Amino acid sequence: MNRGLLLRFENLVQLHGSCQQLRALSSRKACGAQWKAMKLSTHPVGSLLLHPQLWPKHRLISAALSQCRHLATKEETKKKKKKIPLTRGEVEIKQKMTVEELARAMGKDIGVWGGGSLDHMASSAVVGMAQPPADPAVLTPRPPVVTILGHVDHGKTTLLDSLRKTQVASMEAGGITQHIGAFIVHMPSGEKITFLDTPGHAAFSAMRARGTNVTDIVILVVAAEDGVMQQTIESIQHAKNAGVPLILAINKCDKPEADPERVKKELLAHDVVCEEFGGDVQAVNISALKGENLMVLAEATVALAEMLELKADATGLVEGTVIESRKDKGKGPLTTAIIQRGTLRKGCVLVAGKTWAKVRFLFDENGKAVDAASPGIPVEIMGWKECPSAGDEILEVESEQRAQEVVAWRTYAEQQEKMKKDLEVIEAKQKEHRLEYEKKQQKLAHLTWRQRKAVLYKANKHLMFSRPKERTEMDENTLSLIVKGDVDGSVEAILNILDTYDCEDECKLDIIYFGMGDISENDISLAEAFNGVIFGFSVKANESIKKLADKKGIKIKLHNIIYKLIEDLKDELNSRLPPIVVETTIGEASVLDTFSVTVGKNKIPVAGCRVHKGLLDRKMKFKLIRNRDVIWKGCLSSLKHHKDDVQVIKTGMDCGLSLDKNLEFSIGDEMICYEEKEVQQTTSWDPGF
């Protein structure tokens, strides 16, 4: 008997059962108790609402036929639903899928995520996560990723230049590295080493931390004549936090004042113990400028990498880390990345942060197009919709649709988190205001409502008149900033410095926009709207933009060295501060005697004085000091030497003087002649360098 006959037989049996139930129902009396909804026992698809009244015959037949049609078509509908085979890396997502079901489908441990349920988009976002550890059988050796760390001007970039036989350091503004660079060095033996060059300046601490987060080995560069410095200590801490082994490169050993042994001893205080002192840190004395012992350093790095047995899965979905990101006029958003798993090729769909990319082109560190990048290899990626942030994790997904879903979910989750935090702040403020209001109400509880209104009006009356003035002062004492940088890391470094600004009482600092790329018309419009200043780091403003800025009176400050930019910013802050009046003492005299002269009907007090320092100039201002307290400030009405009116009395000379106010003198009083000058204030903000 085939499947079709079995289906029809089953349907007939179920129809017979349904008809029997309907006949039983129709035989019941109309006056019976109220009927309840009852599900048909033969097929629990739906329920029939049974009414006390007798059903008409045609409705009974229709209900039975409907039940029969549903049963007959169920199996056929199942056949029509074709199961789409899942490709590698895909997981079937169902509506109202629980975390447990998703974990089972992905072969992951539910303990990582917890229980509960997920909607469709949330499930897709969870799928956009890093893969479980690869099977050791598929792991293959990869180049070590080595980060060069150390204090500014200790020779890090010069060391890489010598290894790569390039002139990177000579092209850098101010002679300091201001971006993370990623390069491959090819050893004569055939091995490859991926080097990350990080800035040593204090402003770029976040970049150095990012470098250690993706590295396998840290080469700590210390100048032999300088020894351990501030960023040296910070670099050691970054390496410790990342759990990365160190190799010590003592640079500038060719200098007469070089003292490598002192460097090793200083490092002991920071738990960096070299092999000769019983530790595990290799120390190599080098001269990056002259190329001495560089191969010894490279071989030490390769030897340490072999001990670490660095391997990766080059066959799975791509995983990596954004080292740096920037915008290029011709190529759009670009990222420098280190691939940590899989092999990146053109056409791959990637997700990083809240943006995604379909890879259009890949470039090596020299700007040459490449077809693929395997684990441990730095590569520049073109095809991003927006620039991801430096440090973001890169994950490959199977389709553009999945990438959009993951980004949409991450954006939604971030917004929800922000809303939650904002709500907490609002609730805290509301609670504070409510307590304050209740406190005020308690103070006024004994008054009538009319009396309370009168008291509140008097208390707030002064605010009505001060608001316009306060608003004007606020505008004058606010510096609105637009910050533009060439790469994400530079903008991050500048914003980190601005986060240290703690002089809001002097001048408010308002960052209205920050981003990457050259100065644009939008930046000019924004600066005009907020009366702001544009600061650009390693970016350009073309002639038309400069003319537009001049026309609108907008300042554009462009710099290639970060500490020059901060100095210029401090000057701009100083210009917003009101000048202060400074008193400069011109001369001092003591009151030796007092008398009075009659002018008309008035008696004018006169002080007989002797100048013991500087001079008294009648054009200047004077103050009278008694018992160290200033009891008068103003101008002289007369200054005489004997009986002659004079303009100036010098040191050692006696004089008689009277004030523009009838004020009695006392023997022993001090007369101070001073000059008032307006001096520009300087901000007390200290950015740390």
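The questions below set values from this predicted model against the definitions behind the words.

Q: How many helices and strands does the chain have?
A: The secondary structure comes to 15 helices and 34 strands.

Q: How much of the chain counts as buried, and what makes a residue buried?
A: Buried means under 20% relative accessible area. Of the 689 residues of the chain, 40% count as buried.

Q: What is the accessible surface of the chain, and what share belongs to carbon and sulfur atoms?
A: The accessible surface is about 39,400 Å². Carbon and sulfur atoms hold 52% of that surface.

Q: What share of contacts join residues at least 24 apart in sequence?
A: The count takes contacts between residues at least 6 apart in sequence. Of these, 69% join residues at least 24 apart.

Q: Why are H5 and H9 called roughly perpendicular?
A: Helix H5 covers residues 156–164, and helix H9 covers residues 294–308. They pack at an angle of about 90 degrees. Angles of 65 to 115 degrees count as roughly perpendicular. H5 and H9 are therefore roughly perpendicular to each other. Their axes are 11 Å apart.

Q: Which residues make the contact between H5 and H9?
A: H5 brings Leu159, Ser162 and Leu163. H9 brings Leu294, Met295 and Leu297. By class, the contact of H5 with H9 has five nonpolar residues, one polar residue and no charged residues.

Q: What makes H5 a mostly covered helix?
A: Eight of the nine residues of H5 are buried. Among them are Leu159, Ser162 and Leu163. Lys156, Asp161 and Arg164 of H5 are buried too. Just after H5, Lys165 takes a positive phi of about 55 degrees.

Q: Why is Asp271 called exposed?
A: Exposed means over 50% relative accessible area. Asp271 has 59%, so Asp271 is exposed. This residue is found in the loop between helix H8 (260–268) and strand E11 (282–285). Asp271 has a positive phi of about 60 degrees, although it is not a glycine.

Q: How do you know whether Arg628 is buried or exposed?
A: The cut-off for exposed is over 50%. Arg628 has a relative accessible area of 82%, so Arg628 is exposed. Arg628 is in the loop between strand E28 (621–626) and strand E29 (629–634). Phi of Arg628 is near 70 degrees, a positive value in a residue other than glycine.

Q: How do you know that E26 and E27 pair, and in which sense?
A: Two strands pair if there are at least two bridges between them. Strand E26 (residues 580–599) and strand E27 (residues 602–617) are joined by 12 bridges. The two strands run antiparallel. Phe595 has Val606 of E27 as its bridge partner.

Q: What lies between E26 and E27?
A: Two residues lie between them, and the strands form a hairpin. Gly600 in the turn has a positive phi of about 70 degrees.

Q: What other strands pair with E27?
A: Strand E33 (residues 654–659) pairs with E27 over four bridges, in the antiparallel sense. There, Gly608 has Gly656 as its bridge partner. Strand E32 (residues 648–650) is joined to E27 by three bridges, again antiparallel. Leu615 stands opposite Lys650 in E32.

Q: Which strands pair with E34?
A: E26 pairs with strand E34 (residues 670–679) over 10 bridges, in the antiparallel sense. Val581 has Glu678 of E34 as its bridge partner. E28 also pairs with E34 in the antiparallel sense, over five bridges. Phe622 stands opposite Cys673 in E34.

Q: What makes E23 and E25 edge strands?
A: The open sheet has four strands in the order E23-E22-E24-E25, with parallel pairing. Strand E23 (508–516) and strand E25 (555–559) each pair on one side only. The twist averages 20 degrees from one strand to the next.

Q: How many bridges join E22 to E24?
A: Five bridges join strand E22 (residues 478–485) to strand E24 (residues 533–537), and the strands run parallel. Gly485 has Phe537 of E24 as its bridge partner.

Q: Which strands does H13 lie across, and at what angle to E22 does it run?
A: Helix H13 (residues 521–530) lies across E22, E23, E24 and E25. H13 runs at about 170 degrees to E22.

Terms used. Residues numbered from 1 in each chain as written. Predicted model: local features only at pLDDT ≥ 70, side-chain atom pairs only at ≥ 80, totals over all residues. Heavy atoms only, no water. Axes fitted to C-alpha atoms, helices over the stretch in contact; angles between N-to-C directions. Parallel < 35°, antiparallel > 145°, perpendicular 65-115°, else oblique. Contact = heavy atoms within 4.5 Å. Nonpolar A, V, L, I, M, F, W, Y, C, P; charged D, E, K, R; others polar. Buried < 20%, exposed > 50% of the residue type's maximum accessible area, 1.4 Å probe, protein only. Areas by Shrake-Rupley, 256 points an atom, 1.4 Å probe, with all protein chains shown as cover.
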